[in-house]
Amino acid sequence: MSGEEEENAAELKIGEEFLKAKCLMNCEVAIILEHKYEQIQQHASESDPSSQVSQVFEKSLQYVKRFSRYKNPDAVRQVRETLSRYGLAEFELCTLGNLCPDTSGEATALVPTLTSGGRFPPGDPGNEKIEKMLNDLSLIKKFE
């Protein structure tokens, strides 16, 4: 069996190295890059005014800021904590945190692994749990 046949994100078969990796949501990356950007700017003004941020860095920062659903660092922390309580894999947590689906149908279409493994079984009880999770996320966004 080749590696291509074994990997399937819809079944959370994404390779051992990805299952062990820590994923970050766009909003988390934005916080990290903004902090680094401030450090670079401060260092440039103090010692070397010719040092500049690379174009790739700037474009990356613009991208994650544009597509971040949460801007407040406290809200970002709350999103990760809230989604972690539901026993999601890192990949699932970050996908839901980035895309912020409105309904359980959207959530399971975007992250098909939610209904596998018995965590959120298909049908009404599973959908209720997913809806509760999405409602928790929307409350964080509303009060941000």
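Let me start with tyrosine 70. Leaving aside neighbours within four places in sequence, tyrosine 70 is in contact with Cys27, Ala75, Val76, Val79, Gly97, Cys100, Leu137, Ile140, Lys141 and Glu144. Keep in mind that this is a predicted model.

One of those contacts deserves a second look. The charged end of lysine 141 sits over the ring of tyrosine 70, at 5.6 Å from the ring centre.

Tyrosine 70 also belongs to the largest nonpolar core, which has 21 residues. Tyr70 is among the residues with the most contacts inside this core, along with Leu83, Leu88, Leu96, Leu114 and Met133. Which helices supply at least two residues each? They include H5 (73–84), H6 (90–99) and H8 (124–142). H8 gives the most, with five residues.

Apart from this core lies another one, of six residues, including Ala30, Leu33, Val53 and Phe57.

Phe57 brings me to the aromatic pairs. The whole structure has two of them. In one, tyrosine 37 and phenylalanine 57 have ring centres 6.4 Å apart and planes at 15°. Why is this pair called stacked? Because planes under 30 degrees apart count as stacked, and here the angle is 15°. Tyrosine 37 lies in helix H3 (residues 26–46) and phenylalanine 57 in helix H4 (residues 55–66), so the pair ties together parts 20 residues apart in sequence. Phenylalanine 57 is buried, at 16% relative accessible area, whereas tyrosine 37 is partly exposed, at 29%.

The other pair is tyrosine 63 with phenylalanine 67, and it is tilted: 4.8 Å between centres, 45° between planes. Here tyrosine 63 is partly exposed at 47% relative accessibility, and phenylalanine 67 is partly exposed at 38%.

Conventions
Residues are numbered from 1 along each chain as its sequence is written. This is a predicted model: local features need pLDDT of at least 70, side-chain atom pairs count only at pLDDT 80 or more; totals for chains, interfaces and linings use all residues. Side-chain values use heavy atoms; hydrogens and water are left out. Rings of Phe, Tyr and Trp (its six-membered ring) pair if their centres lie within 6.5 Å; planes under 30 degrees apart count as stacked, over 60 as edge-to-face and the rest as tilted. Helices (H or I, at least four residues) and strands (E, at least two) are DSSP runs, numbered from the N terminus. Buried means under 20% relative accessible area, exposed over 50%, partly exposed in between (1.4 Å probe, protein chains only). A charge sits over a ring if NZ of Lys or CZ of Arg is within 6 Å of the ring centre and within 35 degrees of the ring normal. A nonpolar core is a set of buried Ala, Val, Leu, Ile, Met, Phe, Trp, Tyr and Cys residues joined through side-chain atoms within 4.5 Å. Contact means heavy atoms within 4.5 Å.
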